[in-house]
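Open the model in your viewer and keep the sequence panel beside it. The tour goes from one selection to the next and says what is there.

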Amino acid sequence: MRIAFDAKRLYNNFTGLGNHSRTTIDILTASFPENEYYLYTPKIKYNGVTEPFLHKDRCKTIGPDCVVRGSLWRTIGTPSSMKKNGIELFHGLSNEIPMGLSNVGIPSVVTIHDVAFRTFPDMYHCLDRFIYDTKWRYACKHANRIIAISESTKKDIIRFYNVPEERIDVIYQPVARQFYTPIEVSDKEIASLPPYILYVGSINSRKNLLGVVKAMELLPKDLQIPLVIIGTGNIYKQQVKRYIARKGMEKLFIWPENVTNEQLQQYYTQATAFIYPSFYEGFGLPVVEAQLCGCPVITSDVSSLPEVGGPHSFKVNPNSAKEISESIAHILTDDNLREKMKADGRNYALQNFDPDILAQKLFGVYKDLLK
């Protein structure tokens, strides 16, 4: 089979959507090496993350080959290139598909990650909301199949875009394979840290880091161990830092920068607990990464997070600093509970987010379309 993918995020984004694109290509090429994978991108940021895909077996990277360039080529110029290259199926990995695929006889799949711009509109500029909504709506109407990365996202797609349930397949987001293999902490700087709680994710109002800070403020002094925060942010991050400074709590927070995937796995492995009380997630990948690393998880009781965290994580009301604080205290003071959460959480993640099973499910969608 000759399959094309929208690889703009793969080659230019180094957080959620980019990670999803790269991991999806990795699991497909590992499980189905007999296929040909065409990666369409208007541009490439060259670094150690992207360059392996330029030389990956069975993969071919395609850029603009006409006078149309950039986003316009991605939207209207790729179908003719796909037809010329004998593409049998197109997969839009990040919420959108090109216009005119049906005109050249190429069936399509689109992965919808979330509709955060509809559920948290205040986080987005009105023009961005309009553009996203237009792209999502077009993809939901014209793609032959829609993949939702959680049951929660599936419900949102039905709610906001009136898509018949039978057109949507739920296939969970794959996790990078490295997280499935337990490791020893070898980084000296990480190994020398005192006991700590870990937060991983973008630092914006939807992720609720300020709620975590307020929860830590409520902890008894003897339980106020450091919080390691791994993620980038701008206005909201400064808001959180100002709150911390106003309360004189600066020594409680550690902000590592330029963390590699290998270091990230070590941070998860070493942490006493992982905390992620987001207000809304299409999936919540860090929750799975933490559980695979044997780290007890505290997350939210809303959106996709209960299904991703499973029965062995603590689910809290993200609006309640008191409830978050009590969950932290419970884990920190109960050694037996902590060990049970480590073992049971890892088993749950291994059973429900196995990359080979996810690859089989995804390829099953492709085969059904080409029958």
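Select glutamine 173, in the loop between strand 7 (168-170) and helix 8. Helices (H or I, at least four residues) and strands (E, at least two) are DSSP runs, numbered from the N terminus. Is this glutamine 173 buried or exposed? Glutamine 173 is buried, with a relative accessible area of 6%; buried means under 20% relative accessible area, exposed over 50%, and partly exposed in between, with a 1.4 Å probe and protein chains only. Not counting residues up to four places away in sequence, glutamine 173 touches Gly16, His20, Ile149, Phe283, Leu285 and Leu358, where contact means heavy atoms within 4.5 Å.

This is a predicted model, in which local features need pLDDT of at least 70, side-chain atom pairs count only at pLDDT 80 or more, and totals for chains, interfaces and linings use all residues. Residues are numbered from 1 along each chain as its sequence is written, and side-chain values use heavy atoms, with hydrogens and water left out.

Next, select His20, Ile171, Tyr172, Pro174 and Leu362. Of the 14 residues lining the largest cavity, these are the closest to its centre. The largest cavity holds about 90 Å³ of space. Helix 2 (16-31) and helix 16 (355-369) each supply at least two residues of its lining. On a 1 Å grid over the protein atoms alone, a cavity is a set of points where a 1.4 Å probe fits but cannot get out, and a pocket is an open set with protein on both sides within 12 Å along at least five of seven lines; lining residues have an atom within 4 Å of a point. Grid points are joined across faces, edges and corners, and a volume is the space filled by probe spheres set on the points.

Now go to the second largest pocket, with about 220 Å³ of space. Among its 14 lining residues, Thr75, Glu96, Ile97, Pro98 and Lys135 lie nearest its centre. Helix 4 (70-84) and helix 6 are the elements that give two or more residues to this lining, and helix 4 gives the largest share, four residues.

Select helix 6, residues 126-142. Which of its residues are buried? They are Asp133, Trp136, Ala139 and Cys140. The face turned away from the buried side carries the exposed residues Phe130 and Lys141. The cover over the buried residues of helix 6 includes strand 5 (108-112), helix 5 (116-119), strand 6 (145-148) and helix 7 (151-161).

From lysine 141, move to leucine 101: the two are 40 residues apart in sequence and 13 Å apart in space, C-alpha to C-alpha. Leucine 101 lies in the loop between strand 4 (89-92) and strand 5 and is buried, with a relative accessible area of 4%. Leaving out residues up to four places away in sequence, leucine 101 touches Pro79, Met82, Phe90, Ile106 and Ser108.

Finish with Leu198, Leu227, Phe274 and Ile328. Of the 89 residues in the largest nonpolar core, these touch the most other members. A nonpolar core is a set of buried Ala, Val, Leu, Ile, Met, Phe, Trp, Tyr and Cys residues joined through side-chain atoms within 4.5 Å. A second, separate core of 28 residues includes Phe90, Ile97, Ile146 and Tyr161.

Note on methods:
Expected span 1.5 Å × (residues − 1).
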